[in-house]
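Please brief me on the local features of this model. Keep it short and group it by topic.

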Amino acid sequence: MTTVKGLTTFKKKDGILELTRDIVTWTPAAPPNSPPTVTILVGTVENLQATPATSPKVMIKIFTKQGDGPAESFVFNFTSPNARAEGDTMKDALGTAIQAAKAGTVPGGPGEASSAAMAVATAGSAAMNDLWSGARLAKDMELQMSLLKSDPALSNTFKEAVMTGPVTSEQFWSTRTHLLRAHALEKAQTRGPHNVLAAVRSTTVDGVARRISLSREQIGDIFSQHPLVKTVYDENVPRVSEDQFWSRFFLSRLFKKLKGDKVLPSDTTDNIFDRYLNRDDEDNSRKRRKIEHVPLTIDLEGNEQNLSRSRGNAPDMTMRPSQVENVPIIRTLNSLSQKLVDLVTPYVADPDRDQDQDELYMVEQRLGDLGGDLEEERIILNIQDQRKFFSNEQGDEKQNKFAGMNAASVLENIRRDLGTSHFDIAAFLPGEGDEDMDDHDSPAVGKILFFLATKQVTEAVRDRSSQLITTTSNNSTAMGGLPHEVFQSVQSVHATTSEFLHHFWLAFLSGDEKRAKDINTMVSSLRNSKTRIEAVAQTAEEQREVEKVKRKKDLQEEYKKTGIKPKRKDLEVGGGKKVVEEMLGPTVIAIDKALAKYQVALDEAEKVNGGGGGGGGPA
């Protein structure tokens, strides 16, 4: 028997919609263990409607009619985070059940059970896969706009490549499915509720409430989390004014109890709220999850049954329970924390779950490190003489050469040869006269090669460290001395050109003749990108000249005031055409390579077409 469930609202009340064989039931979530208030026989369903996939709301409307009675309709709104998947699964399962009922077969019967179950399972998995599929995300315009608003750099690239460029919206988002999926998951997350009583702050002076900051939303949350407060409110307001009610409540012992604080004898008494101290928070007590089966491996009450402490010696001092007065506080906090978790993800017990899970709990609690290493299964190779198998003639000669030597005597000979002279690595560095590198075996050449290798490593470390400093800084050094507007232009042209290159290679390497138009369009865009890069470089150079003139003028005025002659380095201005060319140099190389590959392919195609047309050369 396959059961399909979904969290829904019916007439603005939360509940669970369930399809079991040929019966559809809706059970309210509150109060717990309530009987179903809506029962629909699949055979009485006249029509079934559902909202389209593009709609933000997921609803199912069921039309029923029994005999000559009036027609009825039931609208269920799915509210879970996976509402679309649950709605599609329920719709497909209902459609299968309705067709089976019209055909005269009972879903779940001998011949129909397996096919119906397979249909429901297939529909459920297909709905889940379709929820985050690339095709679905590529059509979600609302999600795409939300992502563009949250990422200014991506929005700028979209504007340059799609709105003013040749790239279509489908091509742009086809390479960013992972970003859309991550953004959809981020939007699907919701912030859970919090303990409202702990967040409310009141300022007191001489035991009298001075000011309490409390909103209507917080009052509603208090009533939702603590129905006992709502009961006290209904029984005493308006006999007591609302302002006075909340002022006295936040100073009462009932407030401290519900908040989870310890109630002290010195706390202020109140003749209204103290009457409810011994009452339990009904909703919290009734909302506690009922555990029908407690595995013996974690059943603490089983210890008393197995080894009773009513007789014999009392337990050790460390094993005796203490602070009994804190037990109600702990229970209050646990109950409230459990309810807050249930408000985020409502707990739905599975009636088909296997209750005997002792073995599962035992496996989870077993310490694998104490079990020892598993015996590895290996294939044993039987070789008569392994020394010959792993040896060669040259290796044997070298090994035999040092086989009979004593390590201690060898080290002693090395120390004797070195003597007491100091080993100076500077002796290997090149001098002023070490210019001749023709003789690679000479000591001078060895010094020069050692110096060049050291210099190369040092420069690599220095370049890497400067890159890290540039990446983490936000000053003008990070932008190479370029003005902010010019640096943004550099970033924009780099992102747009990278987009064009990406789609060019996708189309060029696809081998699809139908994409020849896309290739030509991307080639034209790449050529325009080179023009844009040159324009940005020219703008940077003009800005640099303007900055030089301004710097020179400022230094001259400062010289007139102070009489201190400016240094040459003070006249230096960063940025300019050279910096832009260094930044976009790899991009220009990538463009040239793409255009060269395109030209080679174009020439080959023209030769093939010319040869096929009678030996004529390319135009």
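Does Phe508 count as buried, exposed or partly exposed? At 22% relative accessibility, Phe508 counts as partly exposed; buried means under 20% relative accessible area, exposed over 50%, and partly exposed in between, with a 1.4 Å probe and protein chains only. This is a predicted model, where local features need pLDDT of at least 70, side-chain atom pairs count only at pLDDT 80 or more, and totals for chains, interfaces and linings use all residues. Residues are numbered from 1 along each chain as its sequence is written, and side-chain values use heavy atoms, with hydrogens and water left out.

**Aromatic pairs**
- The whole structure holds 22 aromatic pairs. Rings of Phe, Tyr and Trp (its six-membered ring) pair if their centres lie within 6.5 Å; planes under 30 degrees apart count as stacked, over 60 as edge-to-face and the rest as tilted.
- One of them joins Phe504 and Trp505, edge-to-face, at 5.1 Å centre to centre and 70° between the planes.
- Trp505 also pairs with Phe508: the centres are 5.8 Å apart and the planes at 85°, so this pair is edge-to-face.
- Phe504 is buried, at 0% relative accessible area. Trp505 is partly exposed, at 26%.
- Trp505 and Phe508 both lie in helix α21 (residues 484–508), three residues apart, about one turn of the helix. Helices (H or I, at least four residues) and strands (E, at least two) are DSSP runs, numbered from the N terminus.
- One aromatic cluster is formed by Phe223, Tyr233, Phe245, Trp246, Phe249, Phe250, Phe255 and Phe273.

**Charges over rings**
- Arg176 lies over the face of Phe172, 4.0 Å from the ring centre. The criterion is NZ of Lys or CZ of Arg within 6 Å of the ring centre and within 35 degrees of the ring normal.
- Lys230 lies over the face of Phe223, at 5.4 Å from the ring centre.

**Cavity**
- The structure holds one cavity of 30 Å³ or more. On a 1 Å grid over the protein atoms alone, a cavity is a set of points where a 1.4 Å probe fits but cannot get out; lining residues have an atom within 4 Å of a point.
- The largest cavity has a volume of about 30 Å³. Grid points are joined across faces, edges and corners, and the volume is the space filled by probe spheres set on the points.
- Its lining residues include Arg84, Asp88 and Lys91.
- α1 gives the most to this lining, with four residues.
- The lining divides into four nonpolar, two polar and three charged residues. Ala, Val, Leu, Ile, Met, Phe, Trp, Tyr, Cys and Pro count as nonpolar, Asp, Glu, Lys and Arg as charged, and the others, Gly among them, as polar.

**Helix α5**
- In α5 (residues 152–163), Leu154, Thr157, Phe158, Ala161 and Val162 are buried.
- Seen down the axis of α5, these buried residues fall within an arc of 105°, so they line one face of the helix. The arc is that of the directions from the helix axis to the C-beta atoms.
- The face turned away from the buried side of α5 carries the exposed residues Pro152 and Met163.

**Backbone**
- The peptide bond from Val237 to Pro238 is cis, with omega near 15°. Pro238 lies in the loop between α10 (227–236) and α11 (242–249).
- Lys11 is not a glycine, yet has a positive phi of about 55°. Lys11 is exposed, at 68% relative accessibility.
- Lys12 has a positive phi near 65°. Lys12 is exposed, at 86% relative accessible area.

Technical notes: On a 1 Å grid over the protein atoms alone, a cavity is a set of points where a 1.4 Å probe fits but cannot get out, and a pocket is an open set with protein on both sides within 12 Å along at least five of seven lines; lining residues have an atom within 4 Å of a point.
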